Amino acid sequence: MKFLRLPALFLLSLALLHAADKPLAKITVQLDWVAEPEHGGLYQALACGYFTEAGLDVTLLPGGPGAQVMPSVATGKVDIAQSASTDSILMQAEGLPIVQFAAVFQDDPAGILVNADSPVRTFQDLQGKTIIARPQWAFLEFLKKKYHLTVNTIPQNFSVTAFLGNKEALQQGYFIAEPYHITKAGGKMPRFLATWDAGFRSYAVLVTNKKFAREHPAELRAFVRACAKGWRDYIEGDPTPAHAVLKRVNENNTDDFMMFSRKQIIDAKLVTGRDATGGDANICRLDPARYATQISQLEDLGILAKGKVTAATVMTTEFLPK
């Protein structure tokens with residue numbers, strides 16, 4: 001029996017050597033913002049070697065104000081990019097040749113920051129108020145229609161300075177980041193009016209261009225598997241590997257800030273989902289029914305032409321783990 005087992009062991013050794021010799025597939029990812037814990041799962045997968053184990057050589061490119069995220073992925077300058085699903089849908093309707101293929105967060109953590117001393121406590125309380133935000137933010141249009149609001153908008157400049165010391169201040173922000181900066185600057189912990197509480201369920205997503213999706217399906221499946229493993233490890237295990245890299249690529253990532261942001265991500269179940277179906281198995285998942293609702297909402301607002309896109313044309317579950 002020992003002699004019969006030798007050939008199998010020999011063949012297995014050859015297979016392992018062949019796998020080791022196979023070059024890693026290069027993938028470049030354009031992040032939507034500067035490297036922060038909102039990208040923690042990706043950096044955990046990078047730092048812990050999960051991408052390498054999957055046969056991938058992944059480069060993460062930090063973004064920021066002015067980063068050409070969507071043009072870069074649409075033209076193939078990068079292979080993958082992170083975005084909000086609603087923004088991506090609107091760009092896809094304009095003809096951008098991209099497809100959404102995995103979730104980063106089951107709910108986009110953008111919303112309205114409310115000063116702790118403000119009388120504003122509900123969406124209805126926004127009537128007649130001024131909000132610091134991106135003028136093209138679809139969520140504002142959604143709020144205006146749903147709650148019959150009239151609001152003024154001051155363009156967002158990605159700073160919390162105008163928020164500090166002004167109890168009337170209302171500002172678009174990521175609740176996993178801005179509240180920390182507000183309190184560190186001497187302000188009180190702000191309240192947060194979350195998009196999902198209003199029924200506006202946008203994802204934070206990963207997108208790729210259609211050509212890359214056609215030509216590299218195996219690489220995308222491997223990427224999503226490694227990404228899911230990275231996020232699971234980041235929120236349930238030791239985040240130290242990701243945080244060590246995040247500190248190297250962004251000096252503003254202090255230990256305090258990263259642990260604050262990670263806790264916000266975990267407490268809000270952003271990665272695993274807030275619904276009854278949430279949990280580890282939901283990491284990276286996309287729901288076509290959620291997309292159908294998003295598209296219908298955007299059509300009802302008049303910012304997306306009816307019939308221009310469907311769930312089937314903007315997203316795919318083809319590359320998600322089975």
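Reply: Let us begin with a pair of cysteines. The sulfur of Cys284 is 4.3 Å from the closest cysteine sulfur, that of Cys227, which is too far for a bond. A disulfide is a pair of cysteine sulfur atoms within 2.5 Å. By this rule the count is zero disulfides. Cys48 is likewise in no disulfide, its nearest cysteine sulfur being that of Cys227, 13 Å away.

Me: Before we continue, on what kind of model do these values rest?

Reply: The model is predicted: local features need pLDDT of at least 70, side-chain atom pairs count only at pLDDT 80 or more, and totals for chains, interfaces and linings use all residues. Residues are numbered from 1 along each chain as its sequence is written, and side-chain values use heavy atoms, with hydrogens and water left out.

Me: Is Cys284 buried or exposed?

Reply: The general idea is a threshold on relative accessible area: buried means under 20%, exposed over 50%, and partly exposed in between, with a 1.4 Å probe and protein chains only. Cys284 is buried, with a value of 1%, whereas Cys48, at 27%, counts as partly exposed.

Me: Where is Cys284 placed, and what is its phi?

Reply: Helices (H or I, at least four residues) and strands (E, at least two) are DSSP runs, numbered from the N terminus. Cys284 lies in the loop between H11 and helix H12 (288-301). Its phi is near 75 degrees, a positive value in a residue other than glycine. His148, also not a glycine, has a positive phi of about 55 degrees. The loop that holds His148 runs between helix H6 (138-147) and strand E7 (152-155), and His148 counts as exposed at 65% relative accessibility.

Me: How should I read the sheet, and in what order do its strands stand?

Reply: Strands of a sheet pair through backbone hydrogen bonds, either parallel or antiparallel. Two strands pair if DSSP finds at least two bridges between them. Here an open sheet of five strands has the order E2-E1-E3-E10-E4, with mixed pairing. Strand E2 (56-61) and strand E4 (98-105) are the edge strands, each pairing on one side only.

Me: Which strands of this sheet run parallel, and which pair in the antiparallel sense?

Reply: Strand E1 (residues 25-30) and strand E3 (residues 80-84) run parallel and are joined by two bridges; Gln30 stands opposite Ala81 in E3. E3 also pairs with E10, in the antiparallel sense, over five bridges, and there Val207 of E10 is the bridge partner of Ala81. E4 and E10 are antiparallel too, over six bridges, with Asn209 in E10 as the partner of Ile98.

Me: How many residues of strand E10 are buried?

Reply: Six of the six residues of strand E10 (residues 204-209) are buried. Ala204, Leu206 and Thr208 point one way from E10, while Val205, Val207 and Asn209 point the other way.

Me: What does Ser88 touch?

Reply: Contact means heavy atoms within 4.5 Å. Leaving aside residues up to four places away in sequence, Ser88 touches Met70, Ser83, Ile98, Gln100, Val205 and Val207. Ser88 is found in helix H5 and is buried, at 0% relative accessible area. Asp87 is found in helix H5 (residues 85-93) as well, but is partly exposed, at 24%. The C-alpha atoms of Asp87 and Ala204, 117 residues apart along the chain, are separated by 9.8 Å.

Me: At what angle do helices H9 and H11 pack?

Reply: Axes are lines fitted to C-alpha atoms, for helices over the stretch in contact, and angles run from 0 to 180 degrees between N-to-C directions. Helix H9 (residues 217-236) and helix H11 (residues 255-267) pack at about 110 degrees, with their axes 10 Å apart. Angles under 35 degrees count as roughly parallel, over 145 as roughly antiparallel, 65 to 115 as roughly perpendicular and the rest as oblique. H9 and H11 are therefore roughly perpendicular to each other. Tyr234, Ile235 and Glu236 of H9 make the contact with Met258, Arg262, Ile265 and Ile266 of H11.

Me: How does H2 pack against H9?

Reply: Helix H2 (residues 40-47) and H9 pack at about 105 degrees, with their axes 7 Å apart, which makes H2 roughly perpendicular to H9. Among the residues in this contact are Leu42 of H2 and Cys227 and Tyr234 of H9.
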